[in-house]
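The following note sets out several points for a reader who is new to structural description. Please keep the sequence and the structure in view while reading.

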Amino acid sequence: MNSEKITKHVLFTVSLIILIISTGILASLIKGAMPAFKEFGLKFIIAPDWNPTEGRESYGALVFIFGTITSSLLALILCIPLAFSTSLFIAEYFKKTRIASILKTLVDLLAGVPSIVYGLWGFYVLRPAIISLGINDQGFGIFTSSLILAIMIIPYATSLSNEVIAMVPDELKEAAYSLGATRLEVIFRVIIPNARSGIVASYILALGRALGETMAVTMLIGNANVIPKSIFSTGNSMASIIANQFGEADGLKLSSLIAIGLLLFAITAIVNAFGKFVINKLS
Amino acid sequence: MISITINRNISPSIKFKDNSNLRKLKNRIFKIIIIILSIITISPIVLILSKLVIKGFRQINIDFFTQVAPDTFEAMMAIASGDVIPGGIANGITGTLLIVIIASVIAIPIGVITGVYLYENQGKKYANLIRNLSDILQGVPSIVLGIIGYLWVVLRVTNGFSAFAGSVALSIMMLPLIVRSTEETMKMVPENIKEAAAALGVPYHKIILRVMIPSSFSGLLTGILLAISRVLGETAPLLLTTLGSSFINLNISKPTSAVPLLIWNFYNDPNMINLIWSSSLFLIGLVLALNLIAKRIIARREK
């Protein structure tokens with residue numbers, strides 16, 4: 001065999017590692033989750049109780065699925081006006097100016113802040129603010145964690161939308177201006193229709209980020225294993241219950257936590273795949 | 001006579017209402033809203049950084065880098081007598097370095113080689129599958145990778161919590177980032193350099209090692225630095241794999257602390273609260289420094 005063939009074989013063999021890791025993750029999660037699904041069946045997904053009392057053990061994922069999805073969706077809703085404005089600021093109103101690049105650097109810095117630091121800041125700054133505004137007695141809850149998540153996902157929501165907004169051809173915008181359109185009209189009649197799918201895709205990918213976020217949510221959501229009555233009540237999320245209870249878990253409880261991990265993996269994979277699908281349609 | 005009737009017929013159908021003032025007003029209000037919301041967007045990062053600097057600065061001294069974390073009692077005594085809390089985060093710093101270096105040693109070769117493979121096999125079905133799987137891996141929540149580190153390494157390899165388990169979890173996080181950045185930078189290497197090398201009869205593996213990798217080196221380095229800065233602050237996967245330790249540990253098969261884990265411990269201990277700000281300041285400084293270096297490399301390349 002000549003050296004070229006050997007090199008190609010080496011490259012191919014190493015690329016298999018990605019395949020092995022991905023299938024391995026799925027296989028291990030399924031294997032680890034098996035005892036829980038055997039005990040509770042598919043009802044595990046819709047069962048609302050989480051009772052670790054010996055002898056009457058009963059676990060379900062609904063509370064956590066509900067908490068994860070509501071906090072992430074609320075975070076996305078809070079994030080969109082901010083991210084959209086910032087994208088327009090950087091890629092349209094102040095395109096290629098010094099102030100736009102400063103703003104962009106600051107937004108990029110947001111992506112570099114570790115989750116646990118967001119959690120600390122949320123706990124010591126945001127939470128007292130929420131208490132003093134009278135929104136909530138202790139300041140914990142779905143709303144507080146959504147606020148911090150909204151800040152965390154801004155860089156993911158803006159990076160792709162900046163690009164697609166900047167990519168809208170100048171001729172189209174100039175044509176609209178020459179007909180007497182104001183900038184606002186150009187934004188809503190020319191830029192948004194042209195950049196729509198890219199903007200939507202970046203928000204979907206940002207949602208994918210929010211779903212898997214752990215530490216900041218754990219520190220702010222209140223860790224109450226009940227379905228929240230309103231967005232200002234406390235709840236719990238999938239990532240957060242795993243982080244809090246994995247260390248002391250064994251047997252059925254451990255398997256239930258792994259099953260929640262499997263469900264979280266599935267939800268984020270579906271959301272991300274959908275985001276990628278929108279991007280692929282774009283190009 | 002005729003022209004008058006025509007005018008009467010046309011004028012009701014076309015309404016020339018001058019609303020340009022209203023449109024201009026809307027335009028101006030929208031711009032102001034955009035500017036205000038953009039300022040709100042960047043205010044958290046300014047507030048976070050200033051909070052960390054103001055509250056964390058007091059604790060940063062030589063001991064902070066050379067001593068291990070104090071226990072609750074020492075911290076309590078220091079607070080009672082109004083002193084700065086003794087000790088530092090040396091066990092966290094060494095642990096973070098150990099865990100991240102091992103993770104890099106695992107992820108960099110695999111990531112770069114896979115990236116080269118994807119670049120060399122553009123458009124092939126198997127390569128597309130690998131690219132898609134790599135994208136899926138990038139979206140896997142870090143806590144799930146913590147579970148994987150536990151199942152694969154803690155239970156089977158090291159028979160207990162270990163730095164190595166954390167490294168495996170972090171390396172899976174780094175891998176897709178390195179694969180993607182390698183493939184993208186390889187695309188920027190001019191085709192004719194490779195052809196020139198091939199024409200001289202240079203073997204394929206040497207074209208990769210001596211031509212492609214060196215000419216895209218700054219791009220590769222950027223991707224690697226960003227991948228490292230991405231995992232440096234990870235806490236959740238380490239909670240499930242390396243557990244933490246109150247001593248400096250350099251044995252990869254033993255529980256090890258890390259800076260984010262120490263922050264988590266300090267947060268959960270009322271006596272240690274003062275230490276969270278300085279540790280966070282250190283961690284964020286490290287992450288942002290790596291980010292800035294990577295950005296400088298990109299900026300220099302684009303010139």
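**Notes on a predicted two-chain model**

1. In helix α7 of chain B, the buried residues are B:S142, B:I143, B:V144, B:L145, B:G146, B:I147, B:I148, B:G149, B:Y150, B:L151, B:V153 and B:V154. What do the buried residues of α7(B) pack against? From chain A, they pack against α1, α7, α9 and α10, and from chain B, against α8 (163-187) and α12 (236-241).

2. B:I148 is found in helix α7 of chain B. Is B:I148 buried or exposed? A residue counts as buried if 20 or more other C-beta atoms lie within 10 Å of its own; B:I148 has 27 within that distance, and is therefore buried. Leaving aside its neighbours within four places in sequence, B:I148 is in contact with A:I25 and A:S28 of chain A, and with B:A169 and B:I172 of chain B. B:I148 and B:I172 are 24 residues apart along the chain, and their C-alpha atoms are separated by 9.6 Å.

3. The overall make-up of chain A comes next. Its secondary structure comprises 10 helices and two strands. Read from the N terminus, the order of elements is α-β-β-α-α-α-α-α-α-α-α-α. The C-alpha atoms of chain A fill a box of roughly 75 × 75 × 30 Å along the principal axes. Chain A has 283 residues, of which 48% count as buried. Among its contacts between residues at least 6 apart in sequence, 72% join residues at least 24 apart.

4. The two chains touch each other.

5. A helix pair across the two chains deserves a separate point. The axes of α1(A) and helix α5 of chain B (residues 90-120) come within 8 Å and cross at roughly 110 degrees. The helix α1(A) is therefore roughly perpendicular to α5(B). Their crossing is left-handed. In this contact, A:L11, A:F12, A:V14, A:S15, A:I17 and A:I18 of α1(A) meet B:I110, B:I113, B:T114, B:V116, B:Y117 and B:E120 of α5(B). The contact of α1(A) with α5(B) has nine nonpolar, two polar and one charged residues.

6. Helix α6(B), residues 125-139, and α8(B) pack at an angle of about 135 degrees, with their axes 8 Å apart. This angle makes α6(B) oblique to α8(B). The crossing of α6(B) and α8(B) is left-handed. The contact is made by B:S134, B:D135, B:L137 and B:Q138 of α6(B), together with B:I172, B:L175, B:P176, B:L177, B:V179 and B:R180 of α8(B). By class, the contact of α6(B) with α8(B) has six nonpolar, two polar and two charged residues.

7. The largest nonpolar core has 171 residues, among which A:C79, A:I153, A:A206, A:I242, B:M174 and B:I178 touch the most other members. Helix α5 of chain A (residues 142-167) gives the most to this core, with 15 residues. Apart from its neighbours within four places in sequence, A:C79 is in contact with A:A150, A:I153, A:I154, A:A157 and A:A206.

8. A:K96 is found in the loop between α2 and α3 of chain A, and its phi is near 60 degrees, a positive value in a residue other than glycine. A:K96 is exposed, with 9 other C-beta atoms within 10 Å. A:N223 lies in the loop between α8 (215-220) and α9 of chain A. The phi of A:N223 is near 50 degrees, a positive value in a residue other than glycine. A:N223 is partly exposed, with 19 other C-beta atoms within 10 Å.

Key: Residues are numbered from 1 along each chain as its sequence is written. Chains are lettered from A and ligands numbered from 1 in the order in which they are written. This is a predicted model: local features need pLDDT of at least 70, side-chain atom pairs count only at pLDDT 80 or more; totals for chains, interfaces and linings use all residues. A nonpolar core is a set of buried Ala, Val, Leu, Ile, Met, Phe, Trp, Tyr and Cys residues joined through C-beta atoms within 7 Å. A residue is buried if 20 or more other C-beta atoms lie within 10 Å of its own, exposed if 12 or fewer, and partly exposed in between; C-beta atoms are placed from the backbone. Helices (H or I, at least four residues) and strands (E, at least two) are DSSP runs, numbered from the N terminus. Two residues are in contact if their C-beta atoms, placed from the backbone, lie within 7 Å. Axes are lines fitted to C-alpha atoms, for helices over the stretch in contact, and angles run from 0 to 180 degrees between N-to-C directions. Angles under 35 degrees count as roughly parallel, over 145 as roughly antiparallel, 65 to 115 as roughly perpendicular and the rest as oblique. A crossing is left-handed if the near helix is turned anticlockwise from the far one by less than a right angle, and right-handed if clockwise. Ala, Val, Leu, Ile, Met, Phe, Trp, Tyr, Cys and Pro count as nonpolar, Asp, Glu, Lys and Arg as charged, and the others, Gly among them, as polar.
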